[in-house]
Amino acid sequence: MNRKDDIVILGIESSCDDTSAAVICNGFLKSNVTASQKVHEAYGGVVPELASRAHQQNIVPTVDQAIVQAGISREDISAIAFTRGPGLLGSLLVGVSFAKGLSVSLGCPMVEVDHLQGHVLAHFIREEGKTRDIPQFPFLCLLVSGGNSQIIRVNAYNDMEILGQTIDDAAGETIDKCSKFMGLGYPGGPIIDRLARKGNPKAFVFNKPHIEGLDYSFSGLKTSFLYFLEDKVKEDPAFVEKNKEDLAASLEKTVVDVLMQKLVKAVKMTGIKSVAVAGGVSANTCLRNAFLENAGKKGWKVYIPPFSYTTDNGAMIAMAGYFKYLDRQYCPLDLPAYSRTTNK
Ligand code: KG4
């Protein structure tokens, strides 16, 4: 492919522990290559220094693969989109610096992408020969990942408003930590999901937060889960092993109930019944079922992303970059990465 008027966006994602690169051509995904980092499993969580070192090893082959698989040459690239933040600073610096270097060498513009905006715009990734429902504006998006839990009103590709967010821990982080308390592996989300399918969600009752408005809080649930386990293990050291399915199902149900309660409130407040879910936790079976249930009972039009676009990926960054490129929203070379949205 080398038509001059083609718009070819290379997207680079390196905000946490996945190095990912993707190519979007005229709005259609051509490649999406991800190098995951197994090194963190032994530590039960992402170790920032190890993550940035692994990104340094992975970035060149990952970007190279994305270009080769897309069937393009570097000279075809119209712009480089990269995750500028939020995320782990050491990890972000690898992707941001690489994007800057490549943009200078190719003489093409750069487009900065907010990681969370990328997750939302994953709903617009199109693949040749595949059809899927794409949300109409405005819609609400529940963004639930390892680092964020937000309800966003999406007015347009580049116009989003946060209606509510966690005031402490994120839903994914809570599930991961509780899984660690139970002595399960990392990341805990998929393990809890698998165990929960065989458990009773009503077996144990955990405290739900009472927070005003549309904000979330999960730190109290995390602490009460830990104290509950400590008390039970004192009585019976094999308590977790005997009850892991029920514990997983009850924990998962509590998290999903909290998430859905505020989302139902947001739908009532805004009158917007088009509701999407995005981020790593959107792969969760109980959460997906809750969405489908609301579609049936409350008449919501729901949008659930394919599994491949729930966790961190370069495709969503390339997609968000494509929409910004169409708006000519380029960025200067001296933009720093940011770890938190408030540090931007
Ligand atoms: O979006 P993501 O890949 O990275 C961040 O930007 O944070 O999300 C990772 C989070 C982790 O907390 C992981 O445990 C969770 O998504 N997760 C799940 C499932 N798959 C991944 N949580 C619950 N159920 C799942 N099936």
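Predicted model: local features only at pLDDT ≥ 70, side-chain atom pairs only at ≥ 80, totals over all residues.
The axes of helix H1 (residues 48–70) and helix H2 (residues 89–106) come within 8 Å and cross at roughly 30°. Angles under 35 degrees count as roughly parallel, so H1 and H2 are roughly parallel to each other.

**A second pair of helices**

- Now find H5 and helix H7 (residues 239–270), whose axes come within 7 Å of each other.
- The angle at which H5 and H7 cross is roughly 110°.
- Angles of 65 to 115 degrees count as roughly perpendicular, and H5 and H7 are therefore roughly perpendicular to each other.

**Who surrounds the ligand**

- There are 19 residues around the ligand.
- Those that come nearest are Gly 146, Asp 176, Asp 193, Gly 280 and Asn 284.
- If you sort the shell around the ligand by residue type, you get 12 polar, 4 nonpolar and 3 charged residues.
- Three helices each supply at least two residues of this shell: helix H3 (115–121), helix H4 (171–181) and helix H5 (188–196).
- The largest share of the shell, 3 residues, comes from H5, the helix that also crosses H7.

**Backbone contacts with the ligand**

- For Gly 189, a polar backbone atom is 3.1 Å from an oxygen atom of the ligand.
- In Gly 172, a backbone N or O atom lies 3.4 Å from an oxygen atom of the ligand.
- On its own, the ligand has 560 Å² of accessible area, and the protein covers 88% of that.

**Backbone details in the loops**

- Look next at the peptide bond from Gly 85 to Pro 86, which is cis, with omega near -10°.
- Another cis peptide bond joins Phe 137 and Pro 138, and its omega is about -10°.
- Pro 138 sits in the loop between H3 and strand E6 (139–144), and H3 is one of the helices that supply residues to the shell around the ligand.
- To spot Asn 26, follow the chain into the loop between strand E2 (18–25) and strand E3 (28–36).

Technical notes: Residues numbered from 1 in each chain as written. Heavy atoms only, no water. Near = heavy atom within 4 Å. Polar contact = N/O pair within 3.5 Å; in protein donor to acceptor, adjacent residues only side chain to side chain. Areas by Shrake-Rupley, 256 points an atom, 1.4 Å probe, with all protein chains shown as cover. Helix = DSSP H or I, 4+ residues; strand = E, 2+ residues; numbered from the N terminus. Nonpolar A, V, L, I, M, F, W, Y, C, P; charged D, E, K, R; others polar. Axes fitted to C-alpha atoms, helices over the stretch in contact; angles between N-to-C directions. Parallel < 35°, antiparallel > 145°, perpendicular 65-115°, else oblique.
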